[in-house]
Number of protein chains: 2
Amino acid sequence: MKVQVVEDILSANDQIALENRRLFDEKGIFVLNIMAAPGAGKTSLIECTIEALRDRAHVGMIDGDVASTIDADRVARLGVPAVQINTGGACHLDANMTAAALPRLPLDEIDLLVIENVGNLICPTGFGLGEHLKVMIASTPEGDDKPYKYPGMFSAVDVLLLNKVDLLPLLEFDMDYFRRGVDVLNPDIAFFPLSCKTKEGVQEWIEWLLGRWHSL
Amino acid sequence: MKVQVVEDILSANDQIALENRRLFDEKGIFVLNIMAAPGAGKTSLIECTIEALRDRAHVGMIDGDVASTIDADRVARLGVPAVQINTGGACHLDANMTAAALPRLPLDEIDLLVIENVGNLICPTGFGLGEHLKVMIASTPEGDDKPYKYPGMFSAVDVLLLNKVDLLPLLEFDMDYFRRGVDVLNPDIAFFPLSCKTKEGVQEWIEWLLGRWHSL
């Protein structure tokens, strides 16, 4: 008897992520999965991205948090349809939670969907949601050693936004050391230092995002 | 036939945590489990705690990180025996990892063991290590809404250190909102705002720590 080997079976999460992706493509929706440590500025970045794209995109948002609707409420105040997923303790979003949120959004009216993951530099990397781009936000007060300590996240993403550069004069942050750590892990990563507070660098990120979106 | 019900079985982690705790108590070692988001300042806090206790404690350290030995190296430079646990992707320390690290430390020469958990505001709360005190470090640039978003961690700890208060003049951080969120979750928590950089507030934390330690 020859033992049959079944190869290339997708994990349950990857299977559902693929279905999400098919739906996004069918509807013409470009999807970002925004990942960061707690307090790096995910919601601030989403707010300033929405503001900058106000005339160029119809944005929707899914917000993942262990608890509360604080972030979805912030984005909803900008007139953007927003759905909150409370994970009830889970440390990351997964494709199935995302799929469950989609029917609550007006998908025919959206062309850019921003998914804010749970604040966590480790667990979310293991769970694709069906997104087109994985976006990581680091922030200067977290320190310049984060690529060396959390290599999985820095390796997994398409673009890295280093937020809160307005605080740099007050911090001991060695930008060369930070960049060397990132480049070793992910030589092709796009990198934008910026400040959601002062808006420095935001326009460069927006132009890059539009380029990636419209090259699809 | 009466079905037998087995109650009060400890989880494997709790069982090993209890064994760790017995060893700590037998050796007269007081143990802290330090938890925080990435970049809140766990290692800085450990460094300044070691400096402040230089004449009053023999400190040892276990450092948990997904990768690298950066933090253990920093503490070892202070002349403190330090063991690095690389979790290889796991998002928290557990009691068994801790138990595996203990034989690498000179336990008969230590009376205060500081365990730096993996940078994560969610997962470490579920895994006791055998510690006497659970210590959380929040930091002001993370924002004032963290108690509302990560209630599990704020509920689980004995003491909360709010680090980087030197940056407060540059941030929009509503201390009353932050405190209200903490107090609802954990009315008995001890709270110390401080700065590992300027040393403001560090002495109050040290006095409290010594009080808790010596009341044991």
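Tutor: In this account, helices (at least four residues) and strands (at least two) are DSSP runs, numbered from the N terminus. The model itself is predicted.

Student: How do you know where B:Lys164 lies in chain B?

Tutor: B:Lys164 falls in the loop between two such runs of chain B, namely β6 (159-163) and α7 (175-185).

Student: Is B:Lys164 called buried or exposed, and what makes it so?

Tutor: Buried means under 20% relative accessible area. The relative accessibility of B:Lys164 is 13%, so this residue counts as buried.

Student: Which residues is B:Lys164 in contact with, leaving aside its neighbours within four places in sequence?

Tutor: A contact requires heavy atoms within 4.5 Å. By that test B:Lys164 is in contact with A:Pro141 and A:Glu142 of chain A, and with residues of chain B including B:Gly39, B:Ala40, B:Ser139 and B:Leu194. In contrast, the C-alpha atoms of B:Lys164 and B:Ile50 are separated by 18 Å, and the two residues are 114 apart along the chain.

Student: Why is the pair formed by the rings of A:Phe30 and A:Trp213 given the name it has?

Tutor: Rings pair if their centres lie within 6.5 Å, and planes under 30 degrees apart count as stacked. By this rule there are 14 aromatic pairs over all chains. In the pair of A:Phe30 and A:Trp213, the centres are 5.9 Å apart and the planes stand at 10°; both values meet the rule, and therefore the pair is stacked.

Student: What makes the pair of A:Phe30 and A:Trp213 a tie between parts of chain A?

Tutor: A:Phe30 belongs to strand β1 (residues 30-36) and A:Trp213 to helix α8 (residues 202-214), so the pair ties together parts that are 183 residues apart in sequence. A:Phe30 and A:Trp213 are both buried.

Student: How do you know what kind of aromatic pair A:Tyr148 and A:Tyr177 form?

Tutor: The distance from centre to centre is 4.4 Å and the angle between the planes is 15°, and this aromatic pair is stacked.

Student: Which residues form one aromatic cluster in chain A?

Tutor: The cluster is formed by A:Phe154, A:Phe173, A:Phe178 and A:Phe191.

Student: How many helices and strands has chain A, and how do you know how compact the chain is?

Tutor: Chain A contains eight helices and seven strands. Its radius of gyration is 18 Å, close to the 17 Å that the globule rule gives for 216 residues, so chain A is as compact as a globular protein of that length. Of these 216 residues, 56% count as buried. Among contacts between residues at least 6 apart in sequence, 74% join residues at least 24 apart.

Student: How does B:Lys199 stand in terms of phi and relative accessible area?

Tutor: B:Lys199 also is not a glycine and has a positive phi, of about 75°. The residue is found in the loop between β7 (190-193) and α8 (202-214) of chain B. At 47% relative accessible area, B:Lys199 is partly exposed, because exposed would require over 50%.

Student: What makes B:Trp208 count as it does, buried or exposed?

Tutor: The relative accessible area of B:Trp208 is 18%, which means that this residue is buried. B:Trp208 lies in helix α8 of chain B. Not counting residues up to four places away in sequence, B:Trp208 touches B:Leu133, B:Asp158, B:Val159, B:Ala190 and B:Phe192.

Conventions: Residues are numbered from 1 along each chain as its sequence is written. Chains are lettered from A and ligands numbered from 1 in the order in which they are written. This is a predicted model: local features need pLDDT of at least 70, side-chain atom pairs count only at pLDDT 80 or more; totals for chains, interfaces and linings use all residues. Side-chain values use heavy atoms; hydrogens and water are left out. Rings of Phe, Tyr and Trp (its six-membered ring) pair if their centres lie within 6.5 Å; planes under 30 degrees apart count as stacked, over 60 as edge-to-face and the rest as tilted. Buried means under 20% relative accessible area, exposed over 50%, partly exposed in between (1.4 Å probe, protein chains only). The radius of gyration is taken over C-alpha atoms; the globule rule is 2.2 Å times the number of residues to the power 0.38.
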